[in-house]
Amino acid sequence: MKVEEGIAPAAEARSGRGVELARVLKNYGILIAFVLVCAVLAWLSPVFLRWTNVLNVIRQSSIYGIMAIGMTFVILTGGIDLSVGSMLAFSGAIAAGLLKAGAPLPAVIAAALAVGALLGLANGFVITVGRITPFVTTLAMMTVARSLTLIFCNGYPISGFSTQFRFIGTGDFLGLPVPILVFLATVLVAAVILRDTRLGRYTYAIGGNEEAVRLSGIPSGFYKAMVYVFSGVGAGLSAVILTSRLNSAETVAGTGYELDVIAAVVIGGTSLNGGRGSVWGTLVGALLIAVINNGMVLLGINPYYQGLVKGLILLGAVLLDRLRDEQGCGCGKTGGPAPEWGAAPRRSRVLQFWNLSGVWSSFCTAGVFTFSGVMSTGASCTFLFLMGCFLMKASMAATPW
Amino acid sequence: MVGISKSFPGVRALDRVDLDLAPSEVHALAGENGAGKSTLMKILSGVYRADEGEIWLRGKKVVPSRPRDMIDAGVSVIYQELNLVPYLSVAENIFLGREPRRAGGFIDWKTMRAEVRRLLEPFGLSLDPRARVNTIGPAYQQVVEIAKALSLKSDILVMDEPTAALTGREADRLFEVIRNLRRTGVSVIYISHRLQEIKLVADRVSVLRDGRHIVTARVDEISIDEIIRHMVGRTLTEQYPKAASNPGQERLRVEGLTRRGVCRDVSFSVRRGEILGVAGLVGAGRTEIMELIFGSRRRDGGRILLDGREADIRSTRDAVRNGIALIPEERKRQGLVLGLSVFDNVSLTVLDLHSLAGFIRRREVTGLISKVAQTIRVRTPSLSQKVRNLSGGNQQKVVLSKWFIRDCDVYIFDEPTRGIDVGAKVEIYRLMQDLAARGAAIIMVSSDLPEVMAMSDRIAVVWSGRIVGMFGRGEVNEEQVMSHALGLHEQRAS
């Protein structure tokens, strides 16, 4: 059938200030949310904005922030890496073992990164050559690397290192904690790679349409494997910092980190379908998670509830991302079937769904805050009102009519 | 169906088409790819809504707003790609979503199987309702679809190329089933490219061409040659900028290219400055052959020679490094990354040539792209515009730019003008012509017969994974190419 699913030049069809607002919210929504949350926390807790607390928040974010940068590459290709926490543990254990054996510091750091890279390469190899889904492959690696750690450490933590090594995790340089500097450097390097190198451009392209990349004569498998190497290197780097900071390589180190890491990337606006996102978003996503963790501690909220709140925020972020996807051309990245002619307008359904889930999660969160009895009902309602306003606005911006 | 019209942006897919179907009739629908058969059936099944025209069922006018409405009205469509769940049983597939239940919500297997046996009985087939659908043959899978339609109390069945995946004997069995159906009062609309089958199984045949109803006749009153003539006969309205060609040295030679189940012993060659048209029906294996040459599919056997020397092409990268470009059939799925910019898309093929230690020399690439975009005349506000926001013709030009920028000299175009407007078509022909004039070897796969006839220096016709005809320019007419593409000569020979 010689039929073209005509695509109206969307950018030209809509215009005016509403669109401009929509664009800003779409591109900077996560930043606005971050600022909002910070403002509310600053208002609720006098400690929040103190310099020591601020540094503390960023320092906390750097460990999984660095991994989240590697994960951003993976998710940009449309993949996922569940093994980062375990890779961190194994890299840390190797580094600790080498330190105990008296290896020089640069060699130790190089070894930790190399171990991460190797594990990542193994992931990439199995995914591209073995054609096993990233989910299953890295799930396997998650248990394998954890087991390797236990074998290597014989079940015991390795602790007590030189002050030289301890400097990485605890020292200051130019008035800033070293982990923060490492994190920021990672972000910068990653941003440059994504913008100016073949690997970076191919990463986006593979996530957008791997078939097209392959048919352009590019060995897409190689580049796909490389992003898992990046993820592994990120885990190795985090391992050095974490081990140094705790002065110990624990066998359980990094357990459950993959969730915070993936959450940071997704909250940062990188699409789980691949092809869209940035490390800057991830930076803010990582900071936002750290701020939320910190805020809940400052407000004395029962730690049992933290997962609940983070989970709901993650859901919200993914929903927002979904709306953004649907707002684009309806045919999706695979150029699937044209939307049914005369099908019910989809926007209204999406909006209904959004309202429903927004209201629902707001109620849940409100319940959590009041029930945990730390925040007064009034304060939690204000907080939710602000969040709700933002989310509603964002959702409206994402679904123009 | 009376006066059915349907337009898509840029194309009038159906133009006041009439079609009538008597009870207990098998009515065949013939026409080239793109003649409008599928669109017409999608309107009948409620997938599309007609712009004009009416559908009357048993003397009542129906206005379907969704596929469900037509199923309820007794019209079922069996698509070429069957809609079955492979790991469920025959019975479960037939009653998917309508499983008979017992108290407590448990599935009533006994009733279900009995019902299936009752439905299958008229076919005289021994098919176990408990068999998993992926373990039975394709002919039986068709039967499962038919039984499903009957269980929905359908009395109009639309079958789209039902024998495409069947062997001769399986097809015979299916015809038997269709005759049985007719006996029980079911009417069938039978879409097929196999004209002998139409003669065999149908009562009447209607031919569509370019979205228009051309003729309806009793099959015993019309010959296959007449049908073919109705299918291809057309008024030439399009412009083909074909210049005299001056073929040079042989650039690409393919010898004995084979892949199991796809193609068999394909050999041909293309010279520099020559346009080789490849005709054939959808599914004949044309695209697959091109993919074997381009290295995006692995071949079981055969050699690819470039300038007389054997080239070791195992991946798309090898092909590109040897100067072969493939402009794929489905540009959205295979040619473009829709969410990325024009720059990103076009530069995909050349980043390896224009980067230093992995870093892209952006200015250099931008210069190249601007130049190519000018020759090709891609209409885009800027290079950072997302490809998704461009029109179909411009998207196709982005794909072309992507390969022009690479300096290849074997260009394989797979359906280069499908779904784009006439103006853009002519531009693409002109570009093809320019490439040939510059000494590139060009292969053009196309289902658009006039286009193949007008633009090619030679024409290869593919049928069933083989080249069944190779003609020089002007040696054949459209009817002859079509009859080769339909495999008529092969079947007569065997």
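This is a predicted model: local features need pLDDT of at least 70, side-chain atom pairs count only at pLDDT 80 or more; totals for chains, interfaces and linings use all residues.
Residues are numbered from 1 along each chain as its sequence is written, and chains are lettered from A and ligands numbered from 1 in the order in which they are written.

The predictor assigns the complex an ipTM of 0.71 and a pTM of 0.75. Per-residue confidence is expressed as pLDDT, on a scale from 0 to 100. Chain A has a mean pLDDT of 78, with 72% of its residues at 70 or more. Two stretches of chain A remain under 50: residues 1-15, for which the model has 34 contacts beyond four places in sequence, and residues 328-360, for which it has 38 such contacts. A contact here requires the C-beta atoms of two residues, placed from the backbone, to lie within 7 Å. For chain B the mean pLDDT is 85, and 96% of its residues reach 70 or more. Helices (H or I, at least four residues) and strands (E, at least two) are DSSP runs numbered from the N terminus.

Chain A is divided into domain 1 (21-45 + 304-327 + 344-401) and domain 2 (50-298), with bounds that come from an automatic or database domain assignment. Between them, 17 residues of domain 1 of chain A are in contact with 19 residues of domain 2 of chain A. On the domain 1 side, helix 2 (17-44) and helix 13 (306-327) of chain A each supply at least two residues, and helix 13 of chain A gives the most, with nine. That side comprises 12 nonpolar, two polar and three charged residues. In this classification Ala, Val, Leu, Ile, Met, Phe, Trp, Tyr, Cys and Pro count as nonpolar, Asp, Glu, Lys and Arg as charged, and the others, Gly among them, as polar.

Elsewhere in chain A, helix 3 (residues 51-76) packs against helix 11 (residues 257-267) at an angle of about 65°, with the axes 8 Å apart. Axes are lines fitted to C-alpha atoms, for helices over the stretch in contact, and angles run from 0 to 180 degrees between N-to-C directions. The residues of this contact include Tyr64(A) and Met71(A) of helix 3 of chain A and Val261(A) and Ile262(A) of helix 11 of chain A. They divide into 10 nonpolar, two polar and one charged.

Chain B contains an open sheet of six strands in the order 16-19-20-13-21-22, with mixed pairing. Two strands pair if DSSP finds at least two bridges between them.

Another part of chain B pairs strand 3 (residues 26-30) with strand 9 (residues 204-209) in the parallel sense over four bridges. Strand 9 of chain B is also joined by six bridges to the antiparallel strand 10 (residues 212-218) of chain B, and Val207(B) stands opposite Val215(B). Strands 9 and 10 of chain B form a hairpin with two residues between them, where Asp210(B) in the turn has a positive phi of about 50°.

Note on methods. pLDDT is the predictor's confidence in each residue, from 0 to 100.
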